[in-house]
Amino acid sequence: MAKKINLHYMVLIFLIVLLAVFMGFRSPYFFTAANLCVLVDNFIMEAIMALGMTLVIISGGIDLTVAGVLPFSSIILALFMIQGVPFAAAIMLVLAAAAGIGCLTNLFRKKLNLHPMVVTMAIAAVLKGLNLTLTGGSAISNFSEGFSAWSTRRIAGMPLSWIVYILLAAVFIYFSKNKKSFQQIYFVGGNEEAARLSGIKVEGVYRNVYIISAVLAAAAGILTAMTYSSASYSYGTNADLRVITTVAIGGTSLTHGGYGSVTGTLLGTLFMAMIYNAFVMSGISTYYQDVVTGAFLIAAVLMSEGMNILKKRHS
């Protein structure tokens, strides 16, 4: 697996450098501080959700609920704030609700013995309808001045969303290198039955990865509401596709559980953020973004399968 991951790193780093050089020649504004800030801001929420999605996919699952949890979280946070619930309490309630969604996802997967794609697709559909019902199809924007101030607040010169992502990425990298619980996700994804026979609490692993994924999607929803001082059912549209593509490009296998890494996801996140920024800098219509995202997803799956074949031939 190490050789596969290292090869993926090299290919991805090469593409990132190539894209950076190309865009640097194409536009004199690409490497400006203002554009680099836009590059990060436009993909920071997907970056946060990609961390949780990495764990889910390594475990052999998939989570399509993130596109529903993100707007749902921003909406119920807005409703709590309007009702006068203290800010900290409102955030804790939103994160708890997201954790409940993660538990529900795993419960349905386990009790109904359905593929995670079916379960998470159904829950995502329910959340989409609920989001529309709660908002009436309109944005919620009558926040207090104190809450709205978060949209411009900086910590060490960076927006709160950047700080949250940096801390989360550091925690995920640390756990991936030093904690047995993280390694158990690989064992479960690679061979569930063998993991169970070795004493690993398989259902506990599944439950935890779906909870983490949902909570991070909720965190992205909270940060989105704080950034734009509003909540809307339209937040996170197609976020599931962008997040899954980011994770796949980072080397996490969509077809075989047990393969992938947090570091690869970080590289995949940078690559996708640069791609979307290149669209803006080149004046290409954003309508083509989904086309490119789908093409990259197919390419990532093919690359993953190709590397698996090479590994088997050399083993």
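At 34% relative accessibility, Cys103 counts as partly exposed, a class lying between buried (under 20% relative accessible area) and exposed (over 50%), as computed with a 1.4 Å probe on protein chains only. Cys37 is likewise partly exposed, with a relative accessible area of 32%. The structure holds zero disulfides, a disulfide being a pair of cysteine sulfur atoms within 2.5 Å. The model is predicted, with local features requiring pLDDT of at least 70 and side-chain atom pairs counted only at pLDDT 80 or more, whereas totals for chains, interfaces and linings use all residues. Residues are numbered from 1 along each chain as its sequence is written, and side-chain values use heavy atoms, with hydrogens and water left out.

Cys103 also takes part in the packing of helix 5 against helix 11. Two packed helices are described by the angle between their axes and the distance between the axes. Helix 5 (residues 87–111) and helix 11 (residues 202–228) pack at an angle of about 145°, and their axes are 8 Å apart. Here the axes are lines fitted to C-alpha atoms over the stretch in contact, and angles run from 0 to 180 degrees between N-to-C directions; helices are DSSP runs (H or I, at least four residues) numbered from the N terminus. The crossing of helix 5 over helix 11 is right-handed, the near helix being turned clockwise from the far one by less than a right angle.

Side chains of opposite charge can pair when their charged atoms come close. The structure holds four salt bridges, each defined by a side-chain nitrogen of Lys or Arg within 4 Å of a carboxyl oxygen of Asp or Glu. One of them joins Glu203 and Arg109, at 2.5 Å from N to O. Glu203 lies in helix 11 and Arg109 in helix 5, so this pair ties together parts that are 94 residues apart in sequence. Glu203 is partly exposed at 22% relative accessible area, whereas Arg109 is buried at 11%.

A further salt bridge links Glu46 with Arg242, the closest N and O atoms being 2.8 Å apart. Because Glu46 belongs to helix 3 (residues 44–58) and Arg242 to helix 12 (residues 239–249), the pair ties together parts 196 residues apart in sequence. Glu46 is buried, with a relative accessible area of 9%, and Arg242 is buried at 14%.

Within helix 10 (residues 192–197), Glu193 and Arg196 are three residues apart, or separated by about one helical turn. Their side chains meet in a salt bridge of 3.4 Å, N to O. Glu193 is partly exposed at 45% relative accessibility, as is Arg196 at 35%. Salt bridges that share partners join Glu192, Glu193 and Arg196 into one network.

Ser138 is found in the loop between helix 6 (116–135) and helix 7 (145–148), and is partly exposed at 41% relative accessible area. Residues up to four places away in sequence being excluded, Ser138 touches Ala231 and Tyr233. The C-alpha atoms of Ser138 and Tyr233 are separated by 7.7 Å, although these residues are 95 residues apart along the chain.

Technical notes. Helices (H or I, at least four residues) and strands (E, at least two) are DSSP runs, numbered from the N terminus. Contact means heavy atoms within 4.5 Å.
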